[in-house]
Structures are given as structure tokens and as C-alpha cells.
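Here is a protein to explore together.

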Amino acid sequence: MTSMTFRDKRWLVAWLQAAVVIGLPFVRISGESAVRFDVPTLKLYFFGSVVWISEAYFFLLVFLLFAFGIMLFTVLYGRIWCGWACPQTVLSDFARLIERLTALLSGHRAVRALISHGLLLLFSSLVSATLIGYFVPPSALVRDVLARTLGPWTFGSWILFTSLAYLNLAFVRQRFCGSVCPYARFQSAFFDEKTLTIAFDSSRSEECLGCEACVRACPAGIDIRNGLQVECINCAECIDSCSRQRGRYGKDTLVGYTRGAQGQKRMRTRVAGLSAVIAVIAVMLAYQVHSRIPVGFWVVRDDRQPYHQVSVKGSMLNAYNLFIENRSLSPELYQLDVSGIRDAQLVLARNPVLLPPNSRVTLRVYVFAKRQNIIDRITRLTFTLVNPASREIKVSQEAPFMYPERSEKGVDI
Ligand code: SF4
Ligand code: SF4
């Protein structure tokens, strides 16, 4: 039994990746996509949780974790990401597969080229639809496509992304990696003497057959025998080619994965440093996730009406706007309470308040207090929101309670 070539393994990874990327928006958890960013409401659906834009610190921590993670990964494994998982490489591989399959067709060369470009355009539109599925509910997208009722923004985005993907896959591909990709530019700064790279064994250069199979196979158009180059995406095509060529003579490949690029002598302490930074960010993120309460609660005193006097002598009201966000994917009941002034009463239409899943409500409420219980002109009130079903959800907010400036004779309220 022949062992799998690197190309076989990369195809396996590519198909798995395609299945995950295409499938994720279609997987439903608690009635929502497993992963999707809803643009109109600026909410991220993430495996059964909803992250609201008001929780942007989550995005910041995840971004930092991702950025430092890429740096550490690059120090350890070089450009493995480029060759095995980067969408640019994976999509380019699929584009080449389409070309290879159409080349098997009989007929005039121009007709085959036309079919190849037609299939590339179709493939690009599917890639674009997959991307849009991370922003628009996939079921709504499919329904609107079938009913031809796509909105102008969605349709425009689809056309734009399809055009860009087609131009990229038809004419750019790996040229992007060596000339435009910022990761290719900065990654060399993270290489050290133990970074995993693909290299030609120059100590055995006299064994080279000079067949140039490695050069012909290289999608980046470079000659790995000239050493490490910024255009190399670690796709391992040159390893497979050299293995094949030299394997005919019972000899092993001259190109392979290796730890150690010539001329790179940088301290390995960067691995320790980056690991420490990642650990700190990971702990912060874990704490935020652990302590996260799926509810948002704000209280704003209505400053347009500094105070209200009520007909009951010696009593008064202040008005407030309460903003409550149910950030869970299930309906929740919230009990509201107020403290800070003895016997102060919260006056609102209904209490507790039932909020549908993933929704926000603004409540107009009044606090009723007796004058005899008010000591200062401005008193800090504490509004408390409790979920009676799960006492774990308990949020407090403060807001001032005010009454008019008293004259020397006092205020008759
Ligand atoms: S040199 Fe080898 S690993 Fe690098 S891009 Fe070319 S074929 Fe891929
Ligand atoms: S495929 Fe191997 S033997 Fe052939 S030129 Fe490249 S390094 Fe030399």
C-alpha cells in the first residue's frame, strides 16, 4: 500500500475545511446559526450564545488571542497555515482541480477554456454565497434566491464577492501570496533557527537529478533549491515531486520539512514570551466568559423632568428609562427592585418583565418616595434586576433621585 502524499493529505484537510466552513452557518443551535454575525443588529451568534456589540471587549480579547496565536504558530510552524489551511491556497487548489478536470474533456481548446471559466465563475458564486451565509441567515438566503427576492445589498454583495473571487481564482492565485499578502511579509520576522520550513538539503546537492520537477510543481513559481524564499507557501508540492522523481531510482527526496533555516539565529525566548502573553489573554477571556451574564441593564434618569411632585402631600416621583437586553436565546423573566430611600416604590406597568429571547426593551418607570425619608437633595438609588428563575442573574445600576432645591423656608411638598 502506498503511503499518502502531502498533496493527498492537503486535499483531505481542504475537504474537511470546506465541509466545516460551508456547514457552520447551516448548523442550528437554539434556533440560530452556529456562527453568524447579524449585520442589522450587530450581534454575533456563536455556538448557542449571542454576543452583543455592547460586549465589544470580547471581540477585542478574541482578536488579541488570534493575533498573538498566529505569531506563536508562525514561530513554531512557519507557513504551515499558508500551505494547508489558508483560504487563498485551498480555493486555488480547487480552481486548479477544475482546470485539470476540464482539460480531460474532448473538444476545441477554446471551448474547454470557456467551460473551465464558466465552472470557475459558478464556483466563485458558491464561495461568495458561503461567505454571505456568515452574515445573512442561510435559510433566508436560500429562500430569497429561489424566490428571486434578494435584497439589493445582499445581491450587490454577492455580485461583488463573486467577481473578486473569480478574478482571484482565474488570474491571481498564489501570485497574491508573494506580492500582496501581509502575512507573507511579516512572517519572516518571526522565523528563528527552529522554525519548521520546507527546504532543499544543500548538503546533498550533488545528488540532485536536475529534473526540475520541483520547480514545475511549485504553484508559487520558485525554485526551492535556491533556499528559503518569501513566496514559498509550504504547500509541499516540491516534496511530492522530488519523492516521485527520486523514488524511481530507489532514493529518498532531497526536499522536505525541516527545523532550521540557514542564516536565522534568533533567540527562542520569543516562544516563551508569546506563550506568556497568550496565557494572560486566555485567562482574561476565560474569566470574561465565565463571569458573563447574558443580560444588559442600564438606568438613565429622565433629565428633562428634574422632579415630579405628586398630589399626595409630602411625596414625589422621579422618572427613569430602563434599558434591558435579554442576550440569551431563551425567554427570560426579570424582577426589578429599587433601594436607597426607605420605603421607595418602583412604579411600572408590569413587574416582573418577560423578555423574548435575544431582545431589548426600554421601560419608562417612576420611583415614588416620601419626603420625610429623603435626607439629601440628591440620593443615589440602586436599581436591581434579578432573574427569579435563576438567581445567578443579578445586575445593579445606580441613578440619582432628586428633589427641588429648598428655600430657607423649605419646600412645601
Ligand atoms: S517551494 Fe515547494 S513548498 Fe514552497 S511553494 Fe513551491 S512547491 Fe510549495
Ligand atoms: S525534484 Fe528533486 S531531484 Fe528533481 S530537481 Fe528538484 S530537488 Fe532535484
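**Around the ligands and pockets**

The shell around ligand 1 divides into eleven nonpolar residues, one polar and one charged; Ala, Val, Leu, Ile, Met, Phe, Trp, Tyr, Cys and Pro count as nonpolar, Asp, Glu, Lys and Arg as charged, and the others, Gly among them, as polar. This is a predicted model, where local features need pLDDT of at least 70, side-chain atom pairs count only at pLDDT 80 or more, and totals for chains, interfaces and linings use all residues. Residues are numbered from 1 along each chain as its sequence is written, chains are lettered from A and ligands numbered from 1 in the order in which they are written, and side-chain values use heavy atoms, with hydrogens and water left out.

Reader: How many charged residues does the shell around ligand 2 have?

Author: Good one to start with! A residue belongs here if one of its heavy atoms lies within 4 Å of the molecule. Around ligand 2 we find Phe 200, Cys 208, Leu 209, Cys 211, Glu 212, Cys 214, Arg 225 and Cys 242. Six are nonpolar and none polar, so by the class list the charged residues number two.

Reader: Which helix gives the largest share of the lining of the largest pocket?

Author: Helices here are DSSP runs (H or I, at least four residues), numbered from the N terminus. Helix H1 (6–23), helix H4 (87–103), helix H5 (109–132) and helix H6 (138–147) each supply at least two lining residues. The largest share, seven residues, comes from H4.
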